[in-house]
Amino acid sequence: MKVLVVYGSRLGATRGIAERIAARLQAAGLDAGLQAAEQVAELPACDAFVIGSGIYGQHWMKEAVALVRRNRAALSKVPVWLFSSGPVGRWASGHDPIEPKEVSGLRAEVGARDHRVFAGALDRSSIDESNLSAIERFVTRKFMAEGDYRDWAQIDAWAEAIARELLRDPRPSRQAGQLGR
Ligand SMILES: Cc1cc2nc3c(=O)[nH]c(=O)nc-3n(C[C@H](O)[C@H](O)[C@H](O)COP(=O)(O)O)c2cc1C
């Protein structure tokens, strides 16, 4: 059973989560591949997809949003899971995760089975501030705590639940237009 994990990642944290999910799916016996959203125009035929993005200013990255929208007809025919990688510092735990603005629409468009917000990671040395807008620079300096807050046990558990669901029930997802669980 073929599964593709696709990610939008500006600074590498979401790519790391996507790599981990693909590795767990493989360990569970699925044929899992990995691809960056900006490198995929049209999604290949697969039995399921896991698609994620880093969060910037409460939005998914535009490459990841565009990929889901462009491929929504194909995605609505197979099981799809979505994830986001964002909160860092004191926002990484003990707060209800804030869903990026596009996510409820994307979930409905493809009939996604689930969406998770995972804590992210931020390494200031990887940020070229000249690539940030004035607001992004301000937010990064004032509110973004540096560090790796990714919870690998939580990510592994989610990937393993996906594998179990696929191996037990490889049928297409529910009808597009309905919200996933
Ligand atoms: C300019 C900027 C804006 C951000 N905005 C948000 C945000 O609105 N919500 C959030 O949860 N995290 C936000 N973050 C944290 C990132 O989402 C987090 O570092 C994420 O793991 C980065 O993913 P990436 O390395 O794959 O690009 C922001 C980070 C930066 C640098």
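This note sets out, point by point, the fold, core, central strands, ligand shell and selected residues of a predicted model.

1. Overall fold. The protein contains six helices and eight strands. Along the sequence these elements follow the order β-α-β-β-β-α-α-β-α-β-β-α-β-α. The radius of gyration is 16 Å, close to the 16 Å that the globule rule gives for 181 residues, so the protein is as compact as a globular protein of that length. Taken along the principal axes, the C-alpha atoms fill a box of roughly 45 × 30 × 30 Å.

2. Of the 181 residues in the protein, 36% are buried. Among contacts with a separation of 6 or more, 85% are between residues 24 or more positions apart.

3. In soluble globular proteins, nonpolar side chains tend to be buried together. Here the largest nonpolar core has 47 residues, and those with the most contacts inside it are Val3, Val5, Ile21, Leu25, Phe49 and Val80. At least two residues of this core come from each of strand 1 (2–8), helix 1, strand 3, helix 2 (62–70), strand 5 (80–85), helix 4 (103–110) and helix 6 (152–168).

4. Phe49 within the core. Phe49 is one of the core residues with the most contacts. Leaving aside residues up to four places away in sequence, Phe49 touches Val3, Leu4, Val6, Leu43, Leu75, Val78 and Val80. Of these, Val80 is also the residue of strand 5 that stands opposite Phe49.

5. Strand 5 and its burial. Is strand 5 buried or exposed? Six of its six residues are buried, so strand 5 is largely enclosed by the rest of the structure. In a regular strand the side chains alternate between the two faces of the sheet. In strand 5, one side carries Val80, Leu82 and Ser84 and the other Trp81, Phe83 and Ser85; both faces are covered, as these residues are all buried.

6. Pairing of strand 5. Strand 5 pairs with strand 3 in the parallel sense, over six bridges. Strand 5 is also joined by five bridges to strand 6 (residues 114–118), and these two strands run parallel. Within the pairing with strand 6, Ser84 has Val117 as its bridge partner.

7. Ligand shell. Which residues are closest to the ligand? The shell comprises 25 residues, and the closest are Leu11, Thr14, Gly54, Gly86 and Gly120. Two or more shell residues are given by each of helix 1 (13–27), strand 3 (48–56), strand 7 (121–122) and helix 5 (134–143). By residue class, the shell divides into 12 nonpolar, 10 polar and three charged. The loop between strand 3 and strand 4. Gln58 lies in the loop between strand 3 and strand 4 (59–60), and Gly57 is found in that loop too. Most residues other than glycine have a negative phi, and most peptide bonds are trans. Gln58, although not a glycine, has a positive phi near 65°. Gln58 counts as exposed because it has 12 C-beta neighbours inside 10 Å. Gly57 is likewise exposed, with 10 other C-beta atoms within 10 Å. Gly86 is among the residues closest to the ligand.

8. Ala66 in helix 2. Ala66 is found in helix 2. With 15 other C-beta atoms within 10 Å, Ala66 is partly exposed. Ala66 and Ala37 are 29 residues apart in sequence, and their C-alpha atoms are 8.8 Å apart in space.

9. Ala73 in helix 3. Ala73 lies in helix 3 (residues 72–75). Ala73 counts as exposed, with 10 C-beta neighbours inside 10 Å. From Ala73 to Phe143, 70 residues apart along the chain, the C-alpha separation is 38 Å.

Notes: Residues numbered from 1 in each chain as written. Predicted model: local features only at pLDDT ≥ 70, side-chain atom pairs only at ≥ 80, totals over all residues. Near = placed C-beta within 6 Å. Helix = DSSP H or I, 4+ residues; strand = E, 2+ residues; numbered from the N terminus. Nonpolar A, V, L, I, M, F, W, Y, C, P; charged D, E, K, R; others polar. Core = buried A, V, L, I, M, F, W, Y, C linked by C-beta atoms within 7 Å. Buried ≥ 20, exposed ≤ 12 C-beta atoms within 10 Å, placed from the backbone. Contact = placed C-beta atoms within 7 Å. Rg over C-alpha atoms; globule rule 2.2 N^0.38 Å. Pairing = 2+ DSSP bridges.
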